[in-house]
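Please read the points in order.

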Amino acid sequence: MSSATPRPLVAGNWKMNGLTASLGEAAKLREHLEATNATCDVLICPPATLVAALATASKGSALAVGGQDCHPKASGAHTGDVSAEMLADAGATYIIVGHSERRADHAETDAVVEAKARAAHRAGLIAIICVGETIEQRKSGRTLAVVGAQLAGSVPGDATATNTIVAYEPVWAIGSGLTPTVADVAEVHGALHAQLVSRFGATGQAMRLLYGGSVKPSNAKELMGVAHVNGALVGGASLKADDFLGIIAAYK
Ligand code: PGA
């Protein structure tokens with residue numbers, strides 16, 4: 001990965017959506033990626049129940065597979081949880097940690113998110129660490145302070161440009177159809193990039209930053225054209241191959 005222009009990543013987060021039949025959408029993605037020369041990395045994070053099946057079907061293809069969360073520990077008495085090692089064993093190469101829905105629904109603090117990112121690294125996986133402000137925080141002018149504190153508290157000291165990606169996802173933009181202005185995205189991504197460079201030097205310079213929150217084919221090109229936006233984290237529009245391919249096309 002060149003530090004000047006990191007290869008973009010278009011990542012799909014299916015959230016709690018998808019049954020076995022949904023693997024057909026991923027098959028369409030693989031067919032398309034095979035037929036074209038994708039100029040970005042492409043990832044789908046299905047629910048945990050589908051990680052192994054999707055990873056097996058995608059082996060040797062340009063489609064990577066990831067988990068949506070993991071427990072900080074490798075194993076133990078934690079009913080219902082899944083470890084990073086288990087996701088790696090199932091064929092995942094990425095794990096999303098600290099998504100705002102996890103932070104809100106499961107009261108995950110920055111310290112918990114940092115431990116999960118370390119767990120991903122321990123298992124040899126790439127952590128996609130999410131940060132983002134609520135609408136109240138934005139309206140009160142605290143966006144940069146909030147995302148800056150989340151970044152400082154959630155990104156572990158062992159982060160490198162190879163094992164860590166940061167996703168800026170304004171909470172109010174997720175699933176709402178609303179997106180920040182290009183100037184707002186540029187401001188936040190510029191601040192996150194500067195903070196990573198100041199903490200990690202050349203490593204921070206090369207770390208990829210994704211934008212997430214209501215990315216769709218119609219706005220992908222504009223959002224992906226913003227400085228220090230190195231790809232997208234996509235929820236709703238990743239569920240259908242045609243929509244997701246429309247976003248991938250923003251990199252053509
Ligand atoms: P959305 O979700 O694309 O449906 O807004 C984004 C996300 O939560 O990652």
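1. R102 is partly exposed, at 22% relative accessibility. The classes run as follows: buried is under 20% relative accessible area, exposed is over 50%, and partly exposed lies in between (1.4 Å probe, protein chains only). R102 forms a salt bridge with D69, and their closest N and O atoms are 3.2 Å apart. A salt bridge here means a side-chain nitrogen of Lys or Arg within 4 Å of a carboxyl oxygen of Asp or Glu. D69 counts as buried, at 17% relative accessibility.

2. What does this pair tie together? D69 sits in the loop between β3 (63-67) and α3 (84-90), and R102 in helix α4 (residues 100-105), so the bridge links parts 33 residues apart in sequence. Helices (H or I, at least four residues) and strands (E, at least two) are DSSP runs, numbered from the N terminus.

3. This is a predicted model: local features need pLDDT of at least 70, side-chain atom pairs count only at pLDDT 80 or more, and totals for chains, interfaces and linings use all residues. Residues are numbered from 1 along each chain as its sequence is written, and side-chain values use heavy atoms, leaving out hydrogens and water.

4. The structure holds 13 salt bridges. One of them joins R103 and D110, with the closest N and O atoms 2.6 Å apart. R103 is buried, at 13% relative accessible area. D110 is partly exposed, at 24%.

5. R138 and E133 also meet through their side chains, at 2.7 Å from N to O. R138 is buried at 19% relative accessibility. E133 is buried at 0%.

6. Shared partners build one network of salt bridges from D69, R102, E108 and K116.
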